Amino acid sequence: MTPGQRRWAFLIAMAGLAAFYLWGLAGLPGFGTYLGPYGNVINRIAVAQAKATGVVSAVNFEYRGFDTLGEEFILFVAATGVATVLRRLRDERARDASGEARDEAMDREAPPTSGAVRMVALALTGPTVVIGWYLASHAQTSPSGGFQGGVVLATAFILIYLAGQFLVFERISPAGVTDAVEAVSAGGFAAVGIAAVVAGLAYLTNFLPLGTTPGAVSSSGTIALISFFVGLEVGAAFVLIVGELLDQTLLLRQGSR
Amino acid sequence: MQIFPFAVVAWILAVGLYGLVTSRHLVHLIMCLIVVQSSTYVLLLGVGYKTGAAAPYFFDIPAHTPAVDPVVQALALTDVVVEAAVTALLLAFAIQAHKRFGTLDPQELVQLKG
């Protein structure tokens, strides 16, 4: 198919899509008019029932916890997939990793990281860890949770990479440890569900004491626990992915194709 | 009837799809896929919005304050993170495609197959 034909086929398909979209839009209530009962019901009951003031987290880790378990394993499989796809090929060997990553295409040294970048990255590392930890541990309170906290925690590792070099990044996040943290925390989420089954309840039932003050850090039972596991899992997965991608810059190919 | 947000959804979707169809570079293709997926976030948050309602966090507002739908927000939030990981996987495929075939043009890659 030539690019011209491709464009025509696209335009015809888009015309069809637009027709269906407009048809569907005609049946939608206008923006700002919410009809579904589900969101209103959850907003009404979640604070009293789950003792969580962050209703989005309550939905994620309690009401739709099983669905989030699936999402978490998509993340797990994607990280595993990156590690598998980027495994070392037979004709590749590691570049002497003592130096910084090189600009392979031009076969010259990558410019050294400037002192300003190093300083800013170092100065931001501590606050980033604190913010990530705060987000991962306050799912039940405020707009936060394991997904956001995990990504912020992974950012701290990337800042350390920016401040130092790949070797430092590898030393502070050895692949074995990152893999183990990722696996244990992904399994931890599933294990919280199984613990409820062992206690004679349905899978992922909130079986821990809920506390009395909605929104307190100690409240909401398994929501906080699951959020913590998700935070570790997301953080480890992103550190793993970034490490694999950075690793690619250190590969040398024997014989060029 | 206020439909501007839904028009934005359609525009983001159309722009992303156009990029997908005409792309000549795998990394560009993956970015277009992200644009397409972004339209779903706008749609999700759009259908859950209620005029004049608060965010669904009741820490410092009284319970029973009208709030927007938390379910679609939860969907969008997990989706953003999962999308980032899946994008990394796709970029890893692009790296391997470049190593094997020496090109990142999807239209050349199709011709190489066989």
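In this predicted model, the axes of helices H4 (residues 65-85) and H8 (residues 175-198) of chain A come within 11 Å and cross at roughly 160°. Axes here are lines fitted to C-alpha atoms, for helices over the stretch in contact, with angles running from 0 to 180 degrees between N-to-C directions. Helices are DSSP runs (H or I, at least four residues) and strands likewise (E, at least two), numbered from the N terminus. H4(A) and H8(A) are therefore roughly antiparallel to each other, a label kept for angles over 145 degrees. On the H4(A) side, the contact is made by A:Leu69, A:Glu72, A:Phe73, A:Phe76 and A:Ala79; H8(A) answers with A:Glu182, A:Ala186, A:Phe189, A:Ala190 and A:Gly193. Contact means that the C-beta atoms of two residues, placed from the backbone, lie within 7 Å. Ala, Val, Leu, Ile, Met, Phe, Trp, Tyr, Cys and Pro count as nonpolar, Asp, Glu, Lys and Arg as charged, and the others, Gly among them, as polar.

Residues are numbered from 1 along each chain as its sequence is written, and chains are lettered from A, with ligands numbered from 1, in the order in which they are written. Local features need pLDDT of at least 70 and side-chain atom pairs count only at pLDDT 80 or more, while totals for chains, interfaces and linings use all residues.

As for where the chains meet, the contact takes 46 residues from chain A and 42 residues from chain B. H4(A) turns up again here, giving the most to the side of chain A that touches chain B, with nine residues. That side divides into 26 nonpolar, 14 polar and six charged residues.

Chain B has four helices and zero strands. Its C-alpha trace spans about 65 × 30 × 20 Å along the principal axes. Of its 114 residues, 26% count as buried, that is, with 20 or more other C-beta atoms within 10 Å of their own, C-beta atoms being placed from the backbone.

Within chain B, the axes of helix H2 (residues 26-48) and helix H3 (residues 70-101) come within 10 Å and cross at roughly 175°. That makes H2(B) roughly antiparallel to H3(B). Among the residues in this contact are B:Ile30, B:Ile34 and B:Tyr41 of H2(B) and B:Leu75, B:Leu90 and B:Leu91 of H3(B). The tally by class is 15 nonpolar, four polar and two charged residues.

Key
Angles under 35 degrees count as roughly parallel, over 145 as roughly antiparallel, 65 to 115 as roughly perpendicular and the rest as oblique. A residue is buried if 20 or more other C-beta atoms lie within 10 Å of its own, exposed if 12 or fewer, and partly exposed in between; C-beta atoms are placed from the backbone.
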